[in-house]
Amino acid sequence: MKKFPFYIVFFLALLNQVYAQIGVNDANALLGLPTATNLAEINAILNPQVGSVVFNLADEEIYRYTGITNGWQIATDNQNAGEVPLVTNIDVNFDAATGSGSTATTPTEAAETNVEEVVQAIAPITSKAGRVFFPPSIEIDASTNGTGRQINLYQQYLDQYSLTPPGGAISAVSNGAPATIPVYTATELYYYVTYADPLVFNNISINEFGVMTYDIVGQPATDNTIINVVFVVK
């Protein structure tokens with residue numbers, strides 16, 4: 001019974017420590033994580049508990065232990081490439097010899113996804129508006145009727161947009177703009193005619209290379225008529 005007051009005093013002292021404010025220059029009062037010199041030292045820890053955390057001095061990252069299968073992982077929420085689930089892994093290492101990321105080394109090993117494949121998979125989802133554009137204006141002779149006439153819509157586009165167009169040229173470039181316009185190959189595009197003057201055009205078709213076949217069935221009432229062509233990037 002004589003020791004009872006001592007325990008009360010000791011308990012009050014603990015409460016005072018817990019709720020005390022940290023003073024200026026009182027760094028020793030802060031709690032910190034256990035540290036390791038590098039990842040090798042972290043991996044050498046024997047029998048860590050799942051959920052354990054260690055601060056790696058080498059890369060200044062916090063590592064958490066996730067279990068035997070995945071071991072120590074960087075504790076991050078920045079959603080970098082390694083954390084985004086894909087059907088196959090991303091390999092950002094470009095191989096100059098093959099022109100791509102790494103490939104399968106055994107018959108049962110799946111080839112890793114390279115950066116270009118990831119970009120191509122994402123682009124159709126994230127850039128619908130940017131995939132649709134009108135080709136440059138061109139002249140179509142409708143002065144006389146005729147069937148089965150053809151015009152290469154893709155070539156007309158290439159002639160005006162490409163680096164060395166055989167028929168067109170870039171007349172002016174804004175300040176800071178590249179001197180050339182990037183172009184698509186013929187098979188990278190879909191081709192559409194969204195409207196054609198029915199008094200002038202008939203039997204319109206376009207093949208996969210952008211060659212349009214059409215009939216002229218009448219002449220425009222004025223000097224101009226309308227045919228709208230749209231290109232869509234695959």
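Me: How many bridges join E3 to strand E4?

Reply: Keep in mind that this is a predicted model. E3 and E4 (residues 72-74) run antiparallel. The number of bridges joining E3 to E4 is three.

Me: Which residue in the hairpin of E3 and E4 takes a positive phi?

Reply: Look between the two strands, where the hairpin has six residues. The positive phi there is near 125°. The residue is Gly67.

Me: In E3, which residue is the bridge partner of Val53?

Reply: Strand E2 (residues 53-56) and strand E3 (residues 61-65) run antiparallel, joined by four bridges. They form a hairpin with four residues between them, and Glu60 in the turn has a positive phi of about 55°. The partner of Val53 in E3 is Arg64.

Me: Is Asn56 buried or exposed?

Reply: Asn56 sits in strand E2. Buried means under 20% relative accessible area. Asn56 has 2% relative accessibility, so it counts as buried.

Me: With which side chain does the side chain of Asn56 make a polar contact?

Reply: Asn56 has several contacts beyond four places in sequence, among them Ala36, Ile42 and Tyr63. The polar contact asked about is between two side chains, at 3.3 Å. The partner of Asn56 is Asp59.

Me: Why is strand E11 largely enclosed by the rest of the structure?

Reply: E11 covers residues 211-216. The strand is largely enclosed because, of its six residues, the number buried is five.

Me: Over how many bridges do strand E8 and E11 pair?

Reply: E8 covers residues 146-152, and the pairing with E11 is antiparallel. Within it, Ile151 stands opposite Met212 in E11. The number of bridges between E8 and E11 is five.

Me: Which residue in the turn of the E10 and E11 hairpin has a positive phi?

Reply: Strand E10 (residues 201-206) pairs with E11 in the antiparallel sense over four bridges. Asn202, for example, stands opposite Asp215 in E11. Four residues lie between the strands of the hairpin, and the phi in question is about 90°. That residue is Gly210.

Me: What is the nearest side chain of opposite charge to Asp215?

Reply: Asp215 lies in strand E11. Asp215 is buried yet has no salt bridge. A salt bridge needs a side-chain nitrogen of Lys or Arg within 4 Å of a carboxyl oxygen. The nearest side chain of opposite charge is 7.6 Å away, and it belongs to Arg149.

Me: Which backbone nitrogen does the side chain of Asp215 reach?

Reply: Leaving aside neighbours within four places in sequence, Asp215 is in contact with residues including Gly146, Thr147 and Phe201. The side chain reaches its backbone nitrogen at 2.7 Å. That nitrogen belongs to Gly148.

Me: Which residue caps the N-terminal end of H4?

Reply: H4 is the helix of residues 153-161. At its N-terminal end, a side-chain oxygen lies 3.1 Å from the backbone nitrogen of Tyr154. The capping residue is Asn152.

Me: At about what angle to E12 does H4 run?

Reply: The buried residues of H4 include Leu153, Tyr157 and Leu158. The buried residues of H4 pack against several strands, including E8, E10 and E11. H4 also lies across E7, E9 and E12, and its angle to E12 is about 75°.

Me: Is Asp159 buried or exposed?

Reply: Asp159 lies in helix H4. Its side chain makes a polar contact with the side chain of Gln155 at 2.8 Å. With 13% relative accessibility, Asp159 counts as buried.

Me: Which strands stand at the edges of the open sheet of three strands?

Reply: The order in the sheet is E7-E12-E9, with antiparallel pairing. An edge strand here has a single partner, so one of its sides is left without a neighbour in the sheet. The edge strands are E7 and E9.

Me: Which residue in E12 does Tyr191 stand opposite?

Reply: E9 and E12 run antiparallel and are joined by seven bridges. Follow Tyr191 across to E12, and the residue there is Phe231.

Note on methods: Residues are numbered from 1 along each chain as its sequence is written. This is a predicted model: local features need pLDDT of at least 70, side-chain atom pairs count only at pLDDT 80 or more; totals for chains, interfaces and linings use all residues. Side-chain values use heavy atoms; hydrogens and water are left out. Buried means under 20% relative accessible area, exposed over 50%, partly exposed in between (1.4 Å probe, protein chains only). Two strands pair if DSSP finds at least two bridges between them. Contact means heavy atoms within 4.5 Å. A polar contact is a pair of N or O atoms within 3.5 Å; within protein, one must be able to donate a hydrogen and the other to accept it, and residues adjacent in sequence count only if both atoms are side-chain atoms. Lys and Arg count as positive and Asp and Glu as negative; His and the chain ends are not counted. Axes are lines fitted to C-alpha atoms, for helices over the stretch in contact, and angles run from 0 to 180 degrees between N-to-C directions.
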